[in-house]
Amino acid sequence: MYKAWLVFRKDVQQEFKTRYALNAIFLFAIVTLTAVSFSIGAFSAGPEILSALLWIILFFSSMSGLAHIFVREEETHTADTLKLVTTSSSVFIGKLLFNIMLLFMVELLVVPLFMGVMNFVIYDAFVFVLSLVFGTFGLAGGGTIVAAIISKSNTKGALFTVLAFPILLPVIVSGISAAKKAATNAPLVLASSELQALFAFAVVIITAGILLFDFIWNE
Amino acid sequence: MFLKSLKIILFFLLAAVIYGAFLYAPLAKGLGEYTRVLYFHVPTAWITVTAFAVGALFSGIYLKNKELKYDLWAEAANQLGLLFGVLATVTGSIWAKMSWGSFWNWDPRETSIFILLLIYAAYFALRSAVEQADRRAALSAVYDLLAFVTVPFFVFVVPRIYSSLHPDPIVNTQGKIHMNGKMLLVFLSSLSAYTAVFFWMLKQRIDLIGIQLKIKQLEN
Amino acid sequence: MQPIYVVLIINIIIWTGIFSYLLTTDKKIKTLKKKLDQLSNEKNR
Amino acid sequence: MKLTAEKISKNFAEKSIFKNLTFEAESGTCLAVLGPNGSGKTTLMRILSHLILPTSGSITYSQNGTTIRPEHIFQHIGFLGPYLELYQDLSAMENLEFFSKIRGLKDFAPRIFQLMEQFGLKGREDDAVKTYSSGMKQRLKYVFALLHEPQILFVDEPRSNLDEEGIRLVYEVLQQYKQNHLLIMATNDSDDLKLADVKVQVNV
């Protein structure tokens, strides 16, 4: 675990110097948010549509930044160097931590902005925040392992979203549903099945990721 | 000889299924003549899922012992899954148009089969994006297994969130099959006949792969 | 349209799908078998 | 430390790169991998160092008769090659600190400074690697490869990008290193081959 932490810190250091993924993901989020708010405007959409829009913005902006972490190692020929000094699971966990951090930073910016601009009112903040947290773990887990897959393939850009979307769809669907319930003041019991699904998904995808990553990393 | 007699049995079974579906089995309440579609449409959907599971199994075996053969088998199973998935979708949406009035309306089962098709499409997109055979095998096997562990979530998540128009609540309430004996007989024999057809097709593909590999060996 | 014809159409779609797949595979197997025989004959010579 | 390679073969996409290579090498010797460009020298180096798996065959390392388990092998390996880059955006010091810590070394700071001085990079520790010249990058790679005092050192193209002074330095280091360690080198250069004791020809 200490090694995973070191990998994470190294990636943060690197990201801090170039800000490549951070810029991409932030700008994408802002651009889509602007596009959505231009085309719909405040006070016109109900919680169903707004919660769907929020998750679509989160999903696609995460798609623009999550792959970078592995693609960078391949493109700069540092993957072999990293392989030489540490184990595959610490690489995966380190990269996963980085992607989780990246997503939380984006959410910290996008969610309040979205609520302000689109007039999206949350009645049950607890359910909403919990669904975002679990959802982030799921998105980051799936995104990280798919990023590892595409970093070894020949076409990297478009393939990422194509591969990640069907796998991450349960997160999006339950995330939207949980947000909708949080915005319409449903009691916690009603949203519990979504929260359970989000939590279980995150656990399953991260476990599967750790187990399967070894086969990608050590060809 | 043994295989040949199996094929003959399969032929008669399929003929019997078609006869039974059109003439023997009674119609279900609320479905009318469309009840008969059940005996052809449901097996294709069932095979789509079976093929997916078989493909994931082969992918797992590949990762275990890294023999290229198993990767090609997984590809074959997934190809068949894609074929039956398309058949299930097309026949299903014709049925939907006739009884619900529109070809597509995001019913949970429609959603699930659509997601399965998406996964298959992504799987083949990934395969075409990697040139090196062993790397392609490892990457697509990992993706296949990854997709496989997420599929149960669709089964649990999607139906809880969206309500269903599908006829199963009529024929099949609370997981108990409410078909009468005759219907059940035709349904189950249809299911097993189509499953046998699937495994026959898969076996053919596997033979084909065996020949291809032998040719490559000789050419080298 | 008569429902029974819809059922028929659905049936036919499924069978054309299965048969065309089986036929193409069979054709491929046959050509490859020929090629394999040729190759092994060359090797034996 | 003893290397035993038995009947190793590698195929890329059904194309055979090499077949049935068998050889041995022990500490105190230098094993040279020879072959024309594109013949698979680099592939063999990566296979020997366990970075990639061979299609068939086995590579084992043993010390005093006990075989080292594959998952521990990287602790004993130093590797230097044109396709193993350091992190360009980080400084030399950040790179070396990261690698020392993740390898679990203790008291690594003096060792880093000593190596940096030996390879003539003193004073540039805090500059980003991307500001280094290509010769300096090669020197820094030597520092990275020797950092954890490995038992086995893989060097792919030992003198690429180096000036005369650098080449002299590297030969000195490698000569001394191979006295009691195992040195494995991929090269085509006749000067480099003076160091070699055992030669493996790829793709003849």
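1. Chain D of this predicted model contains six helices and nine strands. Its C-alpha atoms occupy a box of roughly 50 × 35 × 35 Å along the principal axes. The radius of gyration of chain D is 17 Å, and a compact globule with 204 residues would have one near 17 Å, so the two agree. Of the 204 residues in chain D, 37% are buried. Among its contacts between residues at least 6 apart in sequence, 73% link residues at least 24 apart.

2. An open sheet in chain D is built from four strands, ordered S2-S1-S4-S5, with antiparallel pairing. Its edges are strand S2 (15-26) and strand S5 (66-67) of chain D, each of which pairs on one side only. Strand S4 (residues 56-63) of chain D runs antiparallel to S5(D) and is joined to it by two bridges. Opposite Thr67(D) in S5(D) stands Ser62(D). As background, strands of a sheet pair through backbone hydrogen bonds, in either a parallel or an antiparallel manner.

3. Helix H1 (residues 41-48) of chain D lies across strand S1 (2-12), S2 and S4 of chain D. The angle between H1(D) and S1(D) is about 130 degrees.

4. One backbone detail in chain D may be checked by eye. Glu157(D) is not a glycine, yet has a positive phi of about 55 degrees. Glu157(D) sits in the loop between strand S7 (152-156) and helix H5 (164-177) of chain D. Is Glu157(D) buried or partly exposed? Glu157(D) is partly exposed, because 19 other C-beta atoms lie within 10 Å, and burial requires 20 or more.

5. Asn119(A), a residue other than glycine, has a positive phi near 60 degrees. Asn119(A) is located in the loop between helix H6 (88-118) and helix H7 (125-151) of chain A. Asn119(A) counts as partly exposed because it has 14 C-beta neighbours inside 10 Å.

6. Ala29(A) belongs to helix H2 (residues 20-40) of chain A. Ala29(A) is buried, because 23 other C-beta atoms lie within 10 Å. Setting aside neighbours within four places in sequence, the contacts of Ala29(A) are Ile57(A), Ser61(A), Val106(A), Leu109(A) and Val110(A). Ala29(A) and Val106(A) are 77 residues apart along the chain, and their C-alpha atoms are separated by 7.7 Å.

7. Chain B has seven helices and two strands. From the N terminus on, its elements follow the order α-α-α-α-α-α-β-β-α. Buried residues account for 40% of the 220 residues in chain B. Of the contacts in chain B with a separation of 6 or more, 75% are between residues 24 or more positions apart.

8. Which chains share the most contacts? Of the four pairs of chains in contact, the answer is chains A and B. There, 27 residues of chain B are in contact with 27 residues of chain A. On the side of chain B that touches chain A, helix H4 (108-128) and helix H5 (133-161) of chain B each supply at least two residues. H5(B) gives the most to that side, with 17 residues. By class, the side of chain B that touches chain A has 23 nonpolar, one polar and three charged residues.

9. The largest nonpolar core has 193 residues. Those with the most contacts inside this core are Ile149(A), Leu163(A) and Val142(B). Helix H8 (residues 157-183) of chain A gives the most to the core, with 14 residues. With neighbours within four places in sequence left aside, Val142(B) is in contact with Ile149(A), Leu212(A), Phe215(A) and Ile216(A). In soluble globular proteins, nonpolar side chains tend to be buried together.

10. Two pairs of chains should be read as separate. Chain A and chain C do not touch, and their nearest C-alpha atoms are 25 Å apart. Chain C and chain D do not touch either, with nearest C-alpha atoms 17 Å apart.

Technical notes. Residues numbered from 1 in each chain as written. Chains lettered and ligands numbered in written order. Predicted model: local features only at pLDDT ≥ 70, side-chain atom pairs only at ≥ 80, totals over all residues. Pairing = 2+ DSSP bridges. Contact = placed C-beta atoms within 7 Å. Axes fitted to C-alpha atoms, helices over the stretch in contact; angles between N-to-C directions. Nonpolar A, V, L, I, M, F, W, Y, C, P; charged D, E, K, R; others polar. Buried ≥ 20, exposed ≤ 12 C-beta atoms within 10 Å, placed from the backbone. Core = buried A, V, L, I, M, F, W, Y, C linked by C-beta atoms within 7 Å. Rg over C-alpha atoms; globule rule 2.2 N^0.38 Å.
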